Amino acid sequence: APVSMFTAFWTPDAKIIYEQVGAPIDRFEGTTKGKAAIFGLLHTAGLELPAAPGNSFLRLIQRLGHLLKSGRSFSKEEDIPAWWTSTSRGADPTD
């Protein structure tokens, strides 16, 4: 698997304001083609699922999961702080 990183940003009051899990540092390292977290494990097991930013199928799955209330893969718009300028959400292409 590729070397991955876990990131958390918090306020002086110890409130986490951003958390990111499993970002591959080098998508060419390891045997998962840059996939991380559960996607990397499943890829190594032989089940290749779409897991790249911009993949329309993965974007659809994420939003369908939100509509069905089966979990969230990114924050609700009302929970995103004003200082966060990126419009990318979940598997959206990076802006």
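This is a predicted model: local features need pLDDT of at least 70, side-chain atom pairs count only at pLDDT 80 or more; totals for chains, interfaces and linings use all residues.
A quick word on confidence, then. The chain has a mean pLDDT of 79, with 80% of its residues at 70 or more. Helix α2 comes out highest, at a mean of 90. At the other end is strand β2, residues 16-24, where confidence is lowest, at a mean of 73.

Okay, back to histidine 66. Its relative accessibility is 14%, so histidine 66 counts as buried, the cut-off being under 20%. What does the side chain of histidine 66 reach at 3.0 Å? That would be the backbone nitrogen of serine 73. There's also a polar contact of 3.4 Å between the side chains of histidine 66 and arginine 72. If you skip residues up to four places away in sequence, histidine 66 touches Gly71, Arg72, Ser73 and Phe74.

Now go along the helix to glutamine 62. Helix α2 covers residues 56-67, and glutamine 62 sits in it. This residue is buried too, because its relative accessibility is 14%. The glutamine 62 side chain reaches the backbone nitrogen of alanine 91, at 2.8 Å. Beyond its neighbours within four places in sequence, glutamine 62 is in contact with Ser73 and Phe74, and also with Arg89, Gly90 and Ala91.

On to the charged residues. How many salt bridges does a search of the whole structure find? Three. Let me start with arginine 59 and aspartate 92, whose closest N and O atoms are 2.9 Å apart. Arginine 59 is in helix α2 and aspartate 92 is in the segment after α2, so this bridge ties together parts 33 residues apart in sequence.

Aspartate 92 has another partner, arginine 63, with the closest N and O atoms at 2.8 Å. Here again the pair links distant parts of the chain, 29 residues apart, with arginine 63 in helix α2 and aspartate 92 in the segment after α2. Put together, Arg59, Arg63 and Asp92 are linked in a network of salt bridges.

Which of them are buried and which partly exposed? Aspartate 92 is at 10% relative accessibility, so it counts as buried. Arginine 59, at 29%, counts as partly exposed, and arginine 63, also at 29%, is partly exposed as well.

That leaves the bridge between arginine 89 and glutamate 77, with the closest N and O atoms 2.7 Å apart. Both residues lie in the segment after α2, so this pair ties together parts that are 12 residues apart in sequence. Arginine 89 is buried, at 11% relative accessibility, while glutamate 77 is partly exposed, at 49%. And remember, Arg89 is one of the residues in contact with glutamine 62.

One last stop, on the surface. Phe9, Ile17, Trp83 and Trp84 form a nonpolar patch there, and together they have about 410 Å² of accessible area. Phenylalanine 9 belongs to strand β1, residues 4-10, and at 46% relative accessibility it counts as partly exposed.

That's what I had; happy to go back to any of these on the screen.

Key
Residues are numbered from 1 along each chain as its sequence is written. Side-chain values use heavy atoms; hydrogens and water are left out. Helices (H or I, at least four residues) and strands (E, at least two) are DSSP runs, numbered from the N terminus. Buried means under 20% relative accessible area, exposed over 50%, partly exposed in between (1.4 Å probe, protein chains only). A polar contact is a pair of N or O atoms within 3.5 Å; within protein, one must be able to donate a hydrogen and the other to accept it, and residues adjacent in sequence count only if both atoms are side-chain atoms. Contact means heavy atoms within 4.5 Å. A salt bridge is a side-chain nitrogen of Lys or Arg within 4 Å of a carboxyl oxygen of Asp or Glu. Patches are made of residues with over 30% relative accessible area and no salt bridge: like charges are joined within 9 Å, nonpolar side chains (Val, Leu, Ile, Met, Phe, Trp, Tyr) within 5 Å. Accessible areas come from the Shrake-Rupley method with a 1.4 Å probe; for residues, only the protein chains shown count as cover. pLDDT is the predictor's confidence in each residue, from 0 to 100.
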